[in-house]
Amino acid sequence: MASKILMPNYPSVNHVAYSASMVPRSHSIGQVCLPNKSTAETTASISQSLVASSITPTMSTKLDKTSSTRTSTLAHMWREVQGCNNWEGLVEPLHPFLRQEIIRYGEFVTACYQAFDLDPNSKRYLTCKYGKKNLFREVGMGNPGYEVTKYIYATPDVNIPIQNEPSCGRWVGYVAVSSDDAVTRLGRRDIVITFRGTVTNPEWIANFMSSLTPAKLDHNNTRPDVKVESGFLSLYTSNESDDKFGLKSCREQLLSEVSRLLNRYKGEELSISLSGHSMGSSLALLLAYDIAELGLNRLGPNLDIPVTVFSFGGPRVGNLGFKERCEELGVRVLRIVNVNDPITKLPGVFLNENFRVLGGRYEFPWSCSCYAHVGVEIVLDFFNMQNPSCVHDLGSYISLLKCPKKGDQVRKDEENIFIRARESILSRAQNTNMEPLRNAASNLVSLFQNV
């Protein structure tokens with residue numbers, strides 16, 4: 001069963017403002033709220049940020065409860081960071097290695113946005129601005145220790161007569177594999193598949209095709225009870241059918257490249273990491289399920305290559321049957337969400353995992369048609385009145401994760417504002433010599449301070 005972890009509201013930099021305290025939200029069973037008193041401890045424990053290019057420091061960890069504390073590096077505990085134990089003991093508080101990896105995979109997704117060409121006058125319109133060898137350097141990532149092996153395109157099966165955009169495949173992401181040097185630091189050969197979020201009009205329309213349809217990705221066992229959102233499935237499986245020399249579907253491109261890389265690095269310690277933002281997280285989850293359902297990651301009985309999804313601001317993808325099948329196949333999903341992000345509430349605003357059972361005992365007849373989130377959830381809390389769109393912005397997510405120490409300062413600033421306001425109101429009330437008014441003023445300020 002998916003579990004949820006509620007993180008304290010660490011602030012972002014510059015344009016994102018945060019509430020003074022984290023308000024526990026009622027999502028679904030399995031939610032854990034971090035107590036306020038641990039915020040300082042959490043901040044202290046993660047104040048030293050590590051980057052993927054220099055993973056040399058060691059630290060104490062207690063992942064193995066049966067053994068004494070031992071020094072570890074990412075190379076030693078990469079399986080735990082990839083979710084082999086559903087991130088037990090790593091999210092409360094957020095472990096530095098896990099934080100580091102979440103940020104790193106988020107930056108891989110950011111590269112997709114930065115490299116996507118939206119200039120209609122450009123020869124590379126709706127594709128990547130840069131070649132595979134120069135992608136990371138051109139977007140300012142330098143040498144992250146990965147080599148891009150393939151660009152991925154998706155063809156929205158949506159016709160918009162009035163649109164000016166060509167009805168062709170759009171560049172949605174890339175496949176990359178870690179270099180030999182990175183293997184030493186990471187502890188394994190990491191295959192990364194990254195997807196950007198919604199940008200073009202046909203993609204937006206595909207997002208709103210919210211009817212559930214059987215996935216049927218394994219022709220040997222169609223599993224009609226496993227259903228996914230039709231728009232995401234269409235984007236994943238559609239090709240340029242009007243042109244016999246056109247692009248293959250996003251799915252065919254991905255499965256072919258993943259199979260090629262798994263064969264090339266056969267015998268090595270491997271991991272398959274998928275990351276995406278918004279719509280991209282849906283494609284990442286569909287691919288993860290597809291890989292596991294087809295058994296591409298299966299090395300033998302009870303021996304699988306880990307398949308992990310790092311989802312940023314992702315919507316629901318499928319029904320309860322899809323969620324249960326992903327869990328059965330061992331697909332690990334870590335969802336990083338903002339409680340104020342409406343996209344994470346879609347689809348299934350009403351028919352979702354929270355409304356399929358009455359009183360925790362009686363299951364409604366339509367429960368099979370309810371959407372359900374998959375995986376473990378880390379919940380952030382940020383909002384900016386001057387820029388409401390920041391609630392879904394990937395940069396805001398990553399900035400928040402990068403700057404946990406600023407959380408205490410924001411809370412102190414907010415507390416100082418309330419203290420000054422309280423003193424001002426009370427001083428004015430004092431001049432009136434009216435005890436009820438002074439008490440009312442004091443209570444009013446305290447009320448707002450605790451909201």
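How many bridges link strand 7 and strand 10, and in which sense do the two strands pair? The legends below begin with that pair. This is a predicted model, in which local features need pLDDT of at least 70, side-chain atom pairs count only at pLDDT 80 or more, and totals for chains, interfaces and linings use all residues. Residues are numbered from 1 along each chain as its sequence is written, and side-chain values use heavy atoms, with hydrogens and water left out.

**View A. Strand 10 and its two partners.**
Strand 7 (residues 189-195) pairs with strand 10 in the parallel sense, over seven bridges. Strands (E, at least two residues) and helices (H or I, at least four) are DSSP runs, numbered from the N terminus; two strands pair if DSSP finds at least two bridges between them. Across from Leu 270 of strand 10 stands Arg 189. Strand 10 also pairs with strand 13 (residues 307-312), in the parallel sense and over six bridges. There, Ser 275 has Phe 310 of strand 13 as its bridge partner.

**View B. The side chains of strand 10.**
Strand 10 covers residues 270-277, and eight of its eight residues are buried. Buried means under 20% relative accessible area, exposed means over 50%, and partly exposed lies in between (1.4 Å probe, protein chains only). Leu 270, Ile 272, Leu 274 and Gly 276 point one way from the strand, while Ser 271, Ser 273, Ser 275 and His 277 point the other way. Both sets are buried.

Ser 278 sits in the loop between strand 10 and helix 9. Its phi is positive, about 60°, although Ser 278 is not a glycine. Most residues other than glycine have a negative phi, and most peptide bonds are trans. With a relative accessible area of 8%, Ser 278 is buried.

**View D. Helix 7 against helix 9.**
The axes of helix 7 (residues 230-237) and helix 9 (residues 279-294) come within 10 Å and cross at roughly 70°. Axes are lines fitted to C-alpha atoms, for helices over the stretch in contact, and angles run from 0 to 180 degrees between N-to-C directions. The two helices are therefore roughly perpendicular. On this scale, angles under 35 degrees count as roughly parallel, over 145 as roughly antiparallel, 65 to 115 as roughly perpendicular and the rest as oblique. Contact means heavy atoms within 4.5 Å. Helix 7 uses Phe 232, Leu 233, Leu 235 and Tyr 236 to meet Met 279, Ser 282, Leu 283, Leu 286, Leu 287 and Asp 290 of helix 9.

**View E. Helix 7 against helix 8.**
Helix 7 and helix 8 (residues 250-264) have axes that come within 5 Å and cross at roughly 60°. That makes helix 7 oblique to helix 8. Here Leu 235, Tyr 236 and Thr 237 of helix 7 meet Cys 250, Arg 251, Leu 254 and Leu 255 of helix 8.

Which residues of helix 2 (residues 74-81) are buried? They are Leu 74, Met 77, Trp 78, Glu 80 and Val 81. Seen down the helix axis, these buried residues fall within an arc of 165°, so they line one face of helix 2. The arc is that of the directions from the helix axis to the C-beta atoms. Gly 83 follows helix 2 and has a positive phi near 100°. Trp 87, in the loop between helix 2 and helix 3, also has a positive phi, of about 60°, although it is not a glycine. Trp 87 counts as buried, at 1% relative accessibility. Pro 93 lies in the loop between helix 2 and helix 3 (96-115), and the peptide bond from Glu 92 to Pro 93 is cis, with omega near 0°.

**View G. Arg 335 in strand 15.**
Arg 335 belongs to strand 15 (residues 332-338). At 3% relative accessibility, Arg 335 counts as buried. Leaving out residues up to four places away in sequence, Arg 335 touches Ser 311, Gly 314, Thr 344, His 373, Val 374, Val 376, Glu 377 and Ile 378. Its C-alpha atom is separated by 6.2 Å from that of Phe 312, 23 residues apart along the chain.

**View H. Cys 128.**
Cys 128 counts as buried, at 2% relative accessibility.
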